[in-house]
Amino acid sequence: YPCRQYLIAAVPSLLLGRDLTALRLGFAMPFLLGVLLFWAGAHESWRRLPGGGAAAALATLSVPAFPYAIDHLRWYEQSVFPLSATLAAAGWLLIATRRPTFPVLLGLGWIGALLGCSYTPALASTGLLTVALIGLAAASWRRAERGLALGWLATTTTINGKTAHSFQTRL
């Protein structure tokens with residue numbers, strides 16, 4: 001599998017040494033990052049709605065309620081990466097639809113590229129993210145926001161280029 005998915009998971013072992021706590025923390029960190037990014041995106045996107053903050057919190061808290069999430073998190077291995085990266089990409093996408101600035105699109109491109117280079121089940125989320133970004137680019141183009149449309153397309157190209165490049169190590 002592509003080694004890029006282990007960048008965040010390796011940080012605790014680099015700082016704390018090679019032990020069980022660092023291993024477990026390394027695989028819990030991407031999940032916590034994904035959940036927090038999802039909450040931030042949902043909160044940003046829904047805050048103007050009545051009860052939007054509560055809905056964002058409820059949506060975020062419902063993720064660990066599914067046995068899939070907790071089982072894969074307790075195994076402390078790469079099977080948690082697709083869920084973690086999908087949550088993070090969904091959060092970045094929700095933030096980007098509200099504030100499509102260059103740093104936000106860069107963050108979305110980075111996490112989307114990580115999604116494309118993650119464990120193989122994450123490829124479905126990469127495809128869904130691509131469709132959403134192309135839809136946002138088309139909507140921006142129709143509104144004559146050409147710069148924003150090109151920003152969405154650049155993000156899509158970055159994500160899919162890195163995903164295509166990851167197939168050199170998958171096969």
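Student: Which residue follows H1, and is its phi positive or negative?

Tutor: Gly17 comes after H1, and its phi is positive, near 95°. Before we go on, please keep in mind that this is a predicted model, in which local features need pLDDT of at least 70 and side-chain atom pairs count only at pLDDT 80 or more, while totals for chains, interfaces and linings use all residues. Residues are numbered from 1 along each chain as its sequence is written, and side-chain values use heavy atoms, with hydrogens and water left out.

Let's begin with the helix itself. H1 spans residues 7–16; helices here are DSSP runs of H or I with at least four residues, numbered from the N terminus. Ile8, Ala9 and Pro12 of H1 are buried, meaning under 20% relative accessible area with a 1.4 Å probe and protein chains only. Looking down the axis of H1, you would find these buried residues within an arc of 125°, so they line one face of the helix. The arc is taken from the directions that run from the helix axis to the C-beta atoms.

What lies over the buried side? H2, H5 and H6 are among the elements that cover the buried residues of H1, where contact means heavy atoms within 4.5 Å.

The structure holds one cavity of 30 Å³ or more, and the largest cavity has a volume of about 110 Å³. A cavity is a set of points on a 1 Å grid, over the protein atoms alone, where a 1.4 Å probe fits but cannot get out; lining residues have an atom within 4 Å of a point. Points are joined across faces, edges and corners, and the volume is the space filled by probe spheres set on them. Twelve residues line the largest cavity, and Pro30, Phe81, Ser84, Ala85 and Leu114 are the closest to its centre. Helix H2 (20–46), H5 and H6 each supply at least two lining residues, with H5 giving the most, four.

Now follow H5 (81–98) onward. Leaving aside residues up to four places away in sequence, Ala96 touches Val104, Leu105, Leu108 and Trp152.

Thr97 counts as partly exposed because its relative accessibility is 38%, between the 20% and 50% limits. Apart from residues up to four places away in sequence, Thr97 touches Leu136 and Trp152. Asp19 is 78 residues from Thr97 along the chain, and their C-alpha atoms are separated by 41 Å.

Methods: On a 1 Å grid over the protein atoms alone, a cavity is a set of points where a 1.4 Å probe fits but cannot get out, and a pocket is an open set with protein on both sides within 12 Å along at least five of seven lines; lining residues have an atom within 4 Å of a point.
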